[in-house]
2 protein chains.
Amino acid sequence: MQLLLISNSTMPGEPFFTWPRAHAQSFLDGRSRIAFVPFAAVEAQYDAYADRVAEVFSSFGKDFFSLHRETDPAKALASADAIAVGGGNTFLLIRALYRKNLVKPIADKVRNGMPYIGWSAGANVACPTVMTTNDMPIVEPPSMRALHLVPFQINPHYTEATIPGHGGESRDQRIAEFLAVHPEMPVVGLREGSLLHVNGSAMKLQGIGLKIFRQGQEAKEIAGGTELQVSLAGA
Amino acid sequence: MQLLLISNSTMPGEPFFTWPRAHAQSFLDGRSRIAFVPFAAVEAQYDAYADRVAEVFSSFGKDFFSLHRETDPAKALASADAIAVGGGNTFLLIRALYRKNLVKPIADKVRNGMPYIGWSAGANVACPTVMTTNDMPIVEPPSMRALHLVPFQINPHYTEATIPGHGGESRDQRIAEFLAVHPEMPVVGLREGSLLHVNGSAMKLQGIGLKIFRQGQEAKEIAGGTELQVSLAGA
C-alpha cells in the first residue's frame with residue numbers, strides 16, 4: 001500500500017495546505033487523476049471545500065474531481081488513480097463513507113495499490129477505527145470501524161499542551177483512557193506538521209515528529225526523518 | 001424535575017469537588033440515600049472513583065452507594081432517593097447505561113421527581129444526545145441518544161480559549177459544526193465553575209456563566225446568577 005497520512009493540512013497562520021504540498025506532489029508522481037472525498041465537511045461546504053483542494057492538486061497538473069458531484073461515487077472511484085481524503089469532522093466523514101457505500105470500495109482500491117492521501121480526519125479513517133479522533137461526535141455513524149489500512153490508531157493534531165487554567169482532560173489523558181479499554185492497540189500521536197509515508201511494510205515519518213503510546217509503557221518520542229515499520233515493530 | 005447539571009467537578013489546583021460542594025449539599029437537602037453512577041470511569045477505576053465521591057457525599061451525612069457494586073443496578077436504584085452521575089468519559093458512561101439497562105429506569109425516576117446531580121459527562125448524558133461532549137469516542141455505544149431530561153445540549157468545560165500555536169479546531173468551531181447539522185438544537189456552553197439548577201420549568205445559572213449557541217445567531221453570554229427557563233425561552 002501507498003499511504004500519505006498527514007496530521008494537519010495547514011499550520012496556524014499559513015495558507016491552506018502549504019506545509020504538506022511538496023510531500024503530496026512527490027507522493028502523487030506518475031498519477032494523473034485524483035478522486036477527492038470532501039465528506040468531512042458539512043454538506044453546505046462540499047463545493048467550497050472541493051474547490052479549495054482542487055486548486056492545490058491542479059497546481060501539480062493533476063486532473064481532480066470530487067466524489068460529492070458524482071451520482072455513483074463508488075463507480076467514479078474506478079476512473080481515478082489516486083484518492084485524497086480531506087479533514088474536517090471525522091464523524092461526518094465516516095458516516096458519509098458508510099451511507100455512500102464507499103468503505104469497502106476505497107479500502108479495496110487502496111489495498112490493490114491506489115495511493116491514498118488523507119489529512120486530519122482523512123488520516124483518522126485510515127485507522128482500524130475512528131476512536132482516537134479529537135472531533136465532536138456531531139452525528140452518529142453506523143459504526144466506528146474505519147478503513148483499517150494501518151494496524152494502529154492515529155491521533156491527529158497531537159499535542160501534550162493544554163489550555164492554561166482549564167481543567168478539561170489533556171490529550172494524553174484521553175489517549176490513556178483509550179489504551180485502558182484497548183490495551184492491544186498502539187496510538188500514534190502525530191504532531192501538527194508531521195506525516196507518515198507508508199510504502200508497503202515500510203513507513204517514513206516526515207516533519208516534526210510523533211509519539212507512540214502503548215498501554216503500560218512510557219510514551220516514546222520519534223523524530224521526523226525516522227524510518228519505521230508499519231507494524232511499529234522495534235519502535 | 002430537579003436537576004443539578006455541573007460543568008466540572010473540580011477547578012484546576014483545587015481538591016476534588018470543592019467548588020460545587022455547597023450547591024450539591026443544598027440541592028440534596030431532605031434526601032438521605034444517594035445512588036452513584038461511576039460508569040464514566042474506566043472499569044478498573046470504579047472502586048477508587050466511588051470511594052472518592054463517597055467521601056464528599058458522606059460529609060453531607062448521606063447514605064451513599066455505587067451502582068457498580070449492585071448485581072441489579074436498576075432495582076437498587078429504587079432504594080435511593082437521589083442519583084449522582086460522575087464525570088469521566090461520556091462514551092464509557094452512555095455505553096454502560098445501555099448495557100446495564102439503566103437509561104429508561106433513570107430517566108423515569110428523575111421525571112418522577114428523584115433529584116439528579118451530574119457533572120461533566122454526567123451533565124452531558126442529561127441532554128437529548130451525547131453529541132456535544134468533548135470526550136474521545138473510545139468505545140462505541142449502541143446509541144448516542146441520552147436521558148433527554150433537558151431540551152438542549154450542554155457542552156461541559158466550555159471555553160473559547162485555544163492552545164497557543166495549535167491548529168486544531170476551537171470549541172466554538174466544533175459547536176458551529178454541531179449546529180450546522182442540528183439547526184433546531186441550542187447548545188449551552190457551560191463554563192467551568194458553573195452549573196444549572198433546574199427546578200420544574202425554571203432554571204438558575206450558578207457560578208461563572210455560560211454561552212448559548214443557536215444556528216444563525218450570535219452566541220449569547222449569560223452571567224452566573226441569572227434565572228432562566230428550561231426551554232431557554234427569552235434567553
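Me: Which residue in strand 4 of chain A does Ile34(A) stand opposite?
Reply: In this predicted model, strand 2 (residues 33–37) of chain A pairs with strand 4 of chain A in the parallel sense, over four bridges. Within that pairing, the residue of strand 4 that stands opposite Ile34(A) is Ala82(A).

Me: Which residues point the other way from Ala82(A) and Ala84(A) in strand 4 of chain A, and are these residues buried or exposed?
Reply: Strand 4 of chain A covers residues 82–85, and Ala82(A) and Ala84(A) point one way from the strand. Both these residues and the ones on the other side are buried, a word used here for a relative accessible area under 20%. The residues that point the other way, buried as well, are Ile83(A) and Val85(A).

Me: Which residue of strand 5 of chain A stands opposite Ile83(A)?
Reply: Strand 4 of chain A also runs parallel to strand 5 (residues 116–119) of chain A, and three bridges join the two. Ile83(A) belongs to strand 4, and opposite Ile83(A) in strand 5 stands Tyr116(A).

Me: Why can strand 7 of chain A be called largely enclosed, and how many of its residues are buried?
Reply: Strand 7 of chain A spans residues 187–191, and it is largely enclosed by the rest of the structure because its residues are buried. Val187(A), Gly189(A) and Arg191(A) point one way from the strand, while Val188(A) and Leu190(A) point the other way, and all of them are buried. The count of buried residues in strand 7 is therefore five of the five.

Me: What is the bridge partner of Tyr158(A) in strand 7 of chain A?
Reply: Strand 6 of chain A and strand 7 of chain A pair in the parallel sense, over four bridges. In strand 7, the bridge partner of Tyr158(A) is Arg191(A).

Me: How far apart are the closest N and O atoms in the salt bridge of Arg174(A) with Asp135(B)?
Reply: Chain A and chain B meet through 42 residues of chain A in contact with 42 residues of chain B, and the area buried between them is about 3300 Å². The count of salt bridges between the two chains is two. In the salt bridge that Arg174(A) forms with Asp135(B), the distance between the closest N and O atoms is 3.1 Å.

Me: Which element of chain A gives the most to the side that touches chain B?
Reply: Across this interface there are 18 residue pairs in polar contact. The elements that give two or more residues to the side of chain A that touches chain B are helix 4 (90–99), strand 6 (153–158) and helix 7 (171–181) of chain A. The one that gives the most, with seven residues, is helix 7.

Me: Which element of chain A do the buried residues of helix 4 of chain B pack against?
Reply: Helix 4 (residues 90–99) of chain B is mostly covered, since eight of its 10 residues are buried, including Phe91(B), Leu92(B) and Ile94(B). Within chain B, these buried residues pack against strand 2, strand 4, helix 5 and helix 6. From chain A, the element they pack against is helix 7.

Me: Which side chain is joined to that of Ser59(A) by a polar contact of 3.3 Å?
Reply: Ser59(A) lies in the loop between helix 2 (46–58) and strand 3 (63–66) of chain A, and Ser59(A) is partly exposed, with a relative accessible area of 46%. The side chain joined to that of Ser59(A) by this polar contact belongs to Arg21(A).

Key: Residues are numbered from 1 along each chain as its sequence is written. Chains are lettered from A and ligands numbered from 1 in the order in which they are written. This is a predicted model: local features need pLDDT of at least 70, side-chain atom pairs count only at pLDDT 80 or more; totals for chains, interfaces and linings use all residues. Side-chain values use heavy atoms; hydrogens and water are left out. Buried means under 20% relative accessible area, exposed over 50%, partly exposed in between (1.4 Å probe, protein chains only). Two strands pair if DSSP finds at least two bridges between them. Contact means heavy atoms within 4.5 Å. Buried area is the accessible area (1.4 Å probe) that two parts lose on being put together, summed over both. A salt bridge is a side-chain nitrogen of Lys or Arg within 4 Å of a carboxyl oxygen of Asp or Glu. A polar contact is a pair of N or O atoms within 3.5 Å; within protein, one must be able to donate a hydrogen and the other to accept it, and residues adjacent in sequence count only if both atoms are side-chain atoms.
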